[in-house]
Amino acid sequence: MKKSRNIAILTAAVMGGAALTACGAQGGTSQIQAGGNGVLQVQNVENQVISVSSSESVKVVPDMAEIVYGVYTQAADAKSCQDENGKSVDQVVETLKGLGIEESSIQTSGYDMNPIYDWNNGQTITGYEMNTMVTVSDIPLENVGDLLSGSVSAGINSVRSVTYLSSKYDERYQEALKKAVESAKVKAQAMAEAGGCTLGQIVAMEEFGGNSQARYTGYYSAKNSAAADESAPGAMAVMPGELEIEAQISVDFAVSK
């Protein structure tokens with residue numbers, strides 16, 4: 001008899017707790033948690049919410065670019081390899097400056113020197129090789145084709161990458177954020193209606209870090225702008241397409257009966 005009474009009390013506690021987790025709870029909500037001794041306990045929490053995640057994207061036509069050149073050299077010993085690579089880098093920099101690129105827009109990076117092995121003769125070192133990256137930034141899009149053609153004609157024979165950027169990234173990203181919030185509201189409204197709840201105000205919102213690689217925040221000078229002529233003979237055709245800018249968020253909405 002006593003065992004049956006305990007079961008009835010536990011069943012009532014579970015049923016009462018389930019009612020408290022519904023949208024009709026006033027002055028807060030309740031949830032059921034299992035205590036360490038296995039007895040179910042009802043604990044109050046302050047807010048009852050619907051949580052949704054949302055992501056939206058917008059597109060923008062790029063207006064700036066960044067080009068990475070590679071400078072590669074080989075030599076019999078490490079010092080000679082480094083010296084030759086340094087001279088080649090200096091020549092590349094002077095070539096780029098001659099094409100109208102400001103020195104402040106040229107950055108050397110990615111220094112990498114390695115021994116060259118002859119694996120057929122017991123891992124014997126036969127020389128050294130060195131790579132240096134030269135990054136050119138702040139390039140107006142209309143100058144990219146001519147700069148690529150001009151740099152190749154001047155003797156630069158390694159283009160590692162061309163990255164397209166947008167000076168309107170922040171503006172377009174804010175548009176994507178607004179669209180994501182509106183999308184979250186639509187999702188939450190559908191969930192609230194399906195659950196028999198009334199959707200309330202936003203009580204919490206979190207933005208997740210997006211890929212801002214296409215974000216351009218620098219500047220370019222009149223010299224850069226006038227350096228290249230897209231109509232010049234031999235200018236390489238450039239088709240940048242569009243960049244996709246995505247915003248991801250999570251939102252908590254209050255709900256009630």
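1. In what order do the three strands of the open sheet lie, and with what pairing? The order is β3-β9-β8, and the pairing is antiparallel; strands here are DSSP runs of E of at least two residues, and helices are runs of H or I of at least four, both numbered from the N terminus, while two strands pair if DSSP finds at least two bridges between them. The edges are formed by β3 (49–60) and β8 (198–208), each of which pairs on one side only.

2. This is a predicted model, in which local features need pLDDT of at least 70 and side-chain atom pairs count only at pLDDT 80 or more, whereas totals for chains, interfaces and linings use all residues. Residues are numbered from 1 along each chain as its sequence is written, and side-chain values use heavy atoms, with hydrogens and water left out.

3. Strands β3 and β9 (residues 243–256) run antiparallel and are joined by twelve bridges, and V52 has V251 in β9 as its bridge partner. Helix α4 (residues 169–194) packs on the sheet and touches β3, β8 and β9, a contact being heavy atoms within 4.5 Å. The direction of α4 makes about 145° with that of β3, where axes are lines fitted to C-alpha atoms, for helices over the stretch in contact, and angles run from 0 to 180 degrees between N-to-C directions.

4. Helix α4 also contains D170, whose side chain makes a polar contact with that of R215 at 2.7 Å.

5. The mean pLDDT, the predictor's confidence in each residue from 0 to 100, is 79 for the protein chain, with 75% of residues reaching 70 or more. Confidence is highest in α4, at 95, and lowest in strand β2 (residues 40–45), at a mean of 36. Over residues 1–22 the pLDDT stays under 50, and over residues 222–233 it is below 50 as well. Where pLDDT is low, the predicted coordinates should not be read in detail.

Notes. Polar contact = N/O pair within 3.5 Å; in protein donor to acceptor, adjacent residues only side chain to side chain.
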